Amino acid sequence: MGFDLTKLLRPHILTLSPYTSARDEYTGREGVFLDANENPHGSITDENFSRYPDPYQKELKSELGKIKNIPADQIFLGNGSDEAIDLLFRAFCNPGKDNVILLPPTYGMYGVSAAINEVEIRNVSLTEDFQLRPKEILEAADEHTKILFICSPNNPSGNCMKEADMLFLLENFKGLVVIDEAYVDFMTMPSFITKLTEYKNLLVIQTFSKAWGLASLRLGMAFGSTELIGVLNKIKPPYNISGLTQSTVLEAIGRQEKVKKMVNQILNDREKLAESLERIPEIEKVYPSDANFLLVKIDRADEIYQGLIDRKIILRNRSRVTLCENCLRITVGTEDENRQFLTELKNWLKSN
Ligand SMILES: *Cc1c(COP(=O)(O)O)cnc(C)c1O
């Protein structure tokens, strides 16, 4: 397949030389470090944070590579997936000239990043059952189309896109295809990471924010060709992942069994929650989910959303989003939280 990354990138990115720190030149751990203007006495906190962290997160990537079955030089780590998304715009899209294709209803950050970077958005909505429209997507693209963002499992609908449609787009779309797998741990279909050797135009995004329960640490992952990951590393802020995040996640990677246990609990609770919601007559539809949330269609969604906020139950109101009229997105909570939510929802429906 004739995918040429250098032709898709903004020309100045190819020739740009990145910031180099003194630590790039000397990588040993031992020594008298008088190169980075750090505080030699340590930190004012009990734990010591006085030294700049590894800019390439080598140790973390080496362990991550083992569990994801991918070489470390095909991994980019960002301050949340959001950083990877933003860097893609900066690497590929000339402001005011290039465009990207988004597939609403979808994750909001793609559009926000496009707007910040002054990049045109071409929306091709999903079908009524939230699947891809591959032919329409190809038709929407022109020579200035740089990136296609596919979210699978999709936020806010919760379903996976059909594998055949994604493969068709990987074969035929001329730009970069980003598949956002933030909810990969909850889905039944295999990750597209395994397709990276086949498709040089593929970038897979994942995150520690959902199944791993580490949203506050801000650690997102992107997996792609060595060449593409090299570009992201070249343009990222040098110390984008804090030392605390690196050491904490390094430790967390050894606890995969616990992640699996939590995921199983959430999947069980999601099924119970879906069944309970389906028994509520006012609910028109509970959409099938491959993620840790459920999208439901219900009359007067705006009023219910507000009514539940007054009862301190906070949902995500998606009722003004394409194809999601009267839809609320509900994260699967603990058994107790789900019970409280159902009680308050039923109470509200009875009294309104
Ligand atoms: C939650 C989510 C993310 C995660 O973003 P982080 O910045 O890594 O916390 C990415 N993509 C989608 C679709 C999400 O729903």
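**Helices, cores and a ligand site**

Helix α6 has its buried residues covered by a set of elements that includes α5 (81-92), β2, β3 (120-123), β4 and β5. Helices here are DSSP runs of H or I with at least four residues, strands are runs of E with at least two, and both are numbered from the N terminus. The model is a predicted one, in which local features need pLDDT of at least 70 and side-chain atom pairs count only at pLDDT 80 or more, while totals for chains, interfaces and linings use all residues. Residues are numbered from 1 along each chain as its sequence is written, and side-chain values use heavy atoms, with hydrogens and water left out.

So much for the ground rules; back to α6. This helix spans residues 108-116, and its buried residues are Tyr-110, Gly-111, Ser-113 and Ala-114. They cover an arc of only 165° around the axis, which puts them on the same side of α6. The arc is taken from the directions that run from the helix axis to the C-beta atoms. On the other side of α6, Ala-115 and Ile-116 are exposed. "Buried" means under 20% relative accessible area, "exposed" means over 50%, and "partly exposed" is in between (1.4 Å probe, protein chains only). After α6 comes Glu-118, which has a positive phi, near 55°.

Next come the nonpolar cores. A nonpolar core is a set of buried Ala, Val, Leu, Ile, Met, Phe, Trp, Tyr and Cys residues joined through side-chain atoms within 4.5 Å. In soluble globular proteins, nonpolar side chains tend to be buried together. The largest core in this model has 53 residues, and Leu-103, Leu-132, Leu-148 and Ile-150 touch the most other members. Apart from it lies another core, of 32 residues, with Leu-5, Ala-91, Tyr-110 and Ile-147 among them. Not counting residues up to four places away in sequence, Ile-150 touches Leu-103, Leu-132, Met-161, Met-166, Leu-169, Val-177, Val-178, Ile-179 and Asp-180. Contact here means heavy atoms within 4.5 Å.

Polar residues get buried too. Lys-146 sits in strand β4, and at 7% relative accessibility it counts as buried. The side chain of Lys-146 makes a polar contact of 3.1 Å with the side chain of Asp-98. A polar contact is a pair of N or O atoms within 3.5 Å; within protein, one must be able to donate a hydrogen and the other to accept it, and residues adjacent in sequence count only if both atoms are side-chain atoms. Beyond four places in sequence, the contacts of Lys-146 include Leu-8, Phe-92, Asn-99 and Phe-173.

Asn-99 belongs to strand β2 (residues 99-102) and counts as buried at 0% relative accessibility. Its side chain makes a polar contact with the side chain of Asp-142 (3.2 Å), and another polar contact, of 2.7 Å, joins the side chains of Asn-99 and Thr-145.

Cys-327 and Tyr-305 are 22 residues apart in sequence, with their C-alpha atoms 9.7 Å apart in space. Setting aside residues up to four places away in sequence, Cys-327 touches a set of residues including Tyr-287, Leu-295, Val-296 and Arg-316. Asp-299 is found in the loop between β9 (293-298) and α12 (301-310).

Finally, there is the ligand. Of the 13 residues around it, Tyr-183, Thr-207, Ser-209, Lys-210 and Arg-218 come nearest, where being near a molecule takes one heavy atom within 4 Å of it. A nitrogen atom of the ligand is 2.7 Å from a side-chain N or O atom of Asp-180. An oxygen atom of the ligand lies 2.9 Å from a polar side-chain atom of Asn-155, and an oxygen atom of the ligand is 3.2 Å from an N or O atom in the side chain of Lys-210. The protein covers 94% of the 380 Å² of accessible area that the ligand has on its own, with areas from the Shrake-Rupley method and a 1.4 Å probe; for residues, only the protein chains shown count as cover.
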